Amino acid sequence: MRLHEIDTPALMVDLDAMESNLHRMAGFFHGQPAKLRPHFKNHKCPALALKQIEAGAIGMTCATLREAEILVRHGVPSILIANEIAGENKINQFAELSREADVMVAVDSEHAVSEIACVARKQGVPLSVLVDINVGLNRCGVPPGEPALRLAKSAVEQGLKLRGVMGYEGQLQVIPPSEERDGSVRVVAKSLVDSRALLEREGIPVEIVSTGGTGTYYVSGAFEGVTEIQAGSYLLMDTLYEKRGSPFTRSLTLLATVVSRPEPHRAVIDCGMKELSAERGLSLVKGVEGVELKALHAEHGLIEFQNPGGGMEIGQKIELWVHYSDATVNLHRRMYGVRKDNVEEVFQIEH
């Protein structure tokens, strides 16, 4: 299939750019003590997860039990649910998945530890947890140090497999690299490593110290004592991370068709909020000067031209750089892998 034959709106990934990103990140971790555990929520595509593992990743990170289920079904052997779960139904699901693969989940409360331990005893299956430490994002997690130790002790005493600690410095991912920002990343990494040392002094083995993301991988990934990094956006890359100074190449676009030219300075395309996330900013038009996406409606995008007349015709196809990849991928069922003008692969996105 040729690019012009794709029905729009359609999500596309430039294979040359994506593969460059894949190998660049893999190259960084080659020979490093820390390893890469990419975040599945970015692309939600099992075929891409397997490509990341083939390139050296030790497993996958995910945000939900549903994502973990998809990964287990496609043969991913090691999975970290970097999120809390609650309620007997979800914990039972977690236990069932743990029978099929090495699946771990984050905990940040005595309540969660007790619930998970109860299910582990009932089902007779060992369940693996990591203590989630709040490293400044102020979302989930216990404070580092003694609170992390208390929760770890409780997990061990109740029969859970305490695998380690994790902490996501999301508040630092949004800041462009600088000496000050990178220093803050090291402070986060140190708090996790120090918590690990505290647990080990109390006789609790710690296998995993998990942190980091696409914006901070090269700092936290090189910090002594960190064992794995949860970077995800690097593979597809989007404008949001590019603006934050990430060294990876944008590869994700949305293909759309011009369906109306109501005025000389305006055009309308056949994609809106149902196909393209504008939650964190509007997309840029790829490869066309003086053209701007001004608004997204449910099924329409409104384009304006600096010069009246523009040059776009009804039926013409254009590409929009995806601004926020996580939320845009989540709106689609497939993604076309394109090299130059040829569609080489169609990746299935699973929800």
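Is Glu-19 buried, partly exposed or exposed, and at what relative accessibility? In this predicted model, Glu-19 has a relative accessibility of 24% and therefore counts as partly exposed. The side chain of Glu-19 meets that of Arg-339 in a salt bridge, with an N to O distance of 3.0 Å. Because Glu-19 belongs to helix α1 (residues 15–29) and Arg-339 to strand β16 (residues 334–339), the contact ties together parts that lie 320 residues apart in sequence.

The structure holds 21 salt bridges. Another of these joins the side chains of Glu-345 and Lys-51 at 3.8 Å, N to O. This pair also links distant parts of the chain, with Glu-345 in strand β17 (residues 342–348) and Lys-51 in helix α2 (residues 46–54), 294 residues apart. Glu-345 is partly exposed at a relative accessible area of 29%, and Lys-51 is partly exposed at 26%.

Within helix α8 (residues 179–201), Lys-190 and Asp-194 are four residues apart, so about one helical turn separates them. Their closest N and O atoms are 2.7 Å apart in a salt bridge. Lys-190 is partly exposed at 45% relative accessibility, as is Asp-194 with a relative accessible area of 36%. Elsewhere, salt bridges with shared partners join Asp-16, Glu-19, Arg-339 and Glu-344 into one network.

Strand pairing was also examined. Strands β10 (residues 252–263) and β11 (residues 266–269) pair in the antiparallel sense over three bridges, and a hairpin of two residues joins them. In this pairing, Glu-263 stands opposite Arg-266 of β11. Strand β11 also pairs in the antiparallel sense with β14 (residues 301–305), over four bridges, where Val-268 stands opposite Leu-302.

How values were computed: Residues are numbered from 1 along each chain as its sequence is written. This is a predicted model: local features need pLDDT of at least 70, side-chain atom pairs count only at pLDDT 80 or more; totals for chains, interfaces and linings use all residues. Side-chain values use heavy atoms; hydrogens and water are left out. Two strands pair if DSSP finds at least two bridges between them. A salt bridge is a side-chain nitrogen of Lys or Arg within 4 Å of a carboxyl oxygen of Asp or Glu. Buried means under 20% relative accessible area, exposed over 50%, partly exposed in between (1.4 Å probe, protein chains only).
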